[in-house]
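Please look over the sequence and the structure shown below.

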Amino acid sequence: MQVIDGVIFVPGVGFNSNIYIVGKEEIGIIDAGASPNYVSHVLEKMQEFNLSKNNVKKLILTHVHPDHIGGVPGFVQTFDPTIYMHKEDARVLYQRFADRMRLLEGGETLTIDIFSFQVIHTPGHSPGGICLYEPRKKILFSGDTVFSYGNIGRTDLRGGNQMLLIRSIEKLLKLDVEYLCPGHMGVVRDGNSHIRNSYSFAKMVF
Ligand SMILES: [Zn+2]
């Protein structure tokens, strides 16, 4: 499914995270699913939308959990991309892929084709979680920080922190989001109201 021109949604099946294909002439992929052969779903979608696999230059990982990074070896083999990830979540992959990794801190601007993403550090679900926001397109890739319909990322995994998750959602409240593209569940419009619901939910349960 195409979210907007230049952004394709590959829904996560089973244990796999959602994956997003961003750009055309230059392509960045956001998250990698759980298993190396999951890359075949992405290749199928690229074929369907007439995108060349040679244009894939960047793989951006929203955080370290296995349902988002388990597929990385398959993506590396298929696309030979540079991998972008927050430094606080990067240790596991850095041991294997150091030479192709660029470590993020938050606050950077990451360009993919015509898109210019703000990297927002959003710890809470994991220490090095990030969201990617494109202000001109009003699109937010929220990883597992918030999901559609007021859902939030769990904080009971290693490095999770309820207070930090609330602070992170507060960062997202300041954005103007039309398209919310989370790491699991569906893509929705009127992202602002979904994020507000996530915030209310987090304040209620934590
Ligand atoms: Zn996660």
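Seven strands make up an open sheet in the order β1-β2-β3-β4-β5-β6-β7, and their pairing is mixed. Here strands (E, at least two residues) and helices (H or I, at least four) are DSSP runs numbered from the N terminus, and two strands pair if DSSP finds at least two bridges between them. β1 (2-4) and β7 (101-104) are at the edges with a single partner strand each, so one side of each is left without a neighbour in the sheet. From one strand to the next the twist averages 25°, where axes are lines fitted to C-alpha atoms and angles run from 0 to 180 degrees between N-to-C directions.

This is a predicted model: local features need pLDDT of at least 70, side-chain atom pairs count only at pLDDT 80 or more, and totals for chains, interfaces and linings use all residues. Residues are numbered from 1 along each chain as its sequence is written.

Within this sheet, strand β3 (residues 19-22) runs antiparallel to β4, joined by 3 bridges, and V22 stands opposite G28. The two strands form a hairpin with 4 residues between them, and G23 in the turn has a positive phi of about 95°. In a regular strand the side chains alternate between the two faces of the sheet. In strand β4 (residues 27-30), I27 and I29 point one way and G28 and I30 the other, and all are buried, that is, 20 or more other C-beta atoms lie within 10 Å of their own, with C-beta atoms placed from the backbone.

With β5, strand β4 pairs in the parallel sense over 4 bridges; the bridge partner of G28 in β5 is K58. β4, helix α1 (residues 39-48) and β5 make a right-handed β-α-β unit, meaning that with the strands pointing away from the viewer, the path from the first strand over the helix to the second runs clockwise. Strand β5 (residues 56-60) is joined in parallel to strand β6 (residues 82-86) by 3 bridges, and I60 stands opposite Y84 in β6.

Another open sheet has 5 strands in the order β8-β9-β10-β11-β12, again with mixed pairing. Its edge strands, β8 (109-112) and β12 (179-182), pair on one side only. β8 and strand β9 (residues 115-121) run antiparallel, joined by 4 bridges, and I112 has F115 in β9 as its bridge partner.

The largest nonpolar core has 52 residues, of which Y20, I21, I29, I30, C131, L132 and L140 touch the most other members. Such a core is a set of buried Ala, Val, Leu, Ile, Met, Phe, Trp, Tyr and Cys residues joined through C-beta atoms within 7 Å. Leaving aside neighbours within four places in sequence, L132 is in contact with I30, I60, L110, F117, V119 and F141, contact being C-beta atoms, placed from the backbone, within 7 Å.

Methods. Buried ≥ 20, exposed ≤ 12 C-beta atoms within 10 Å, placed from the backbone. Contact = placed C-beta atoms within 7 Å.
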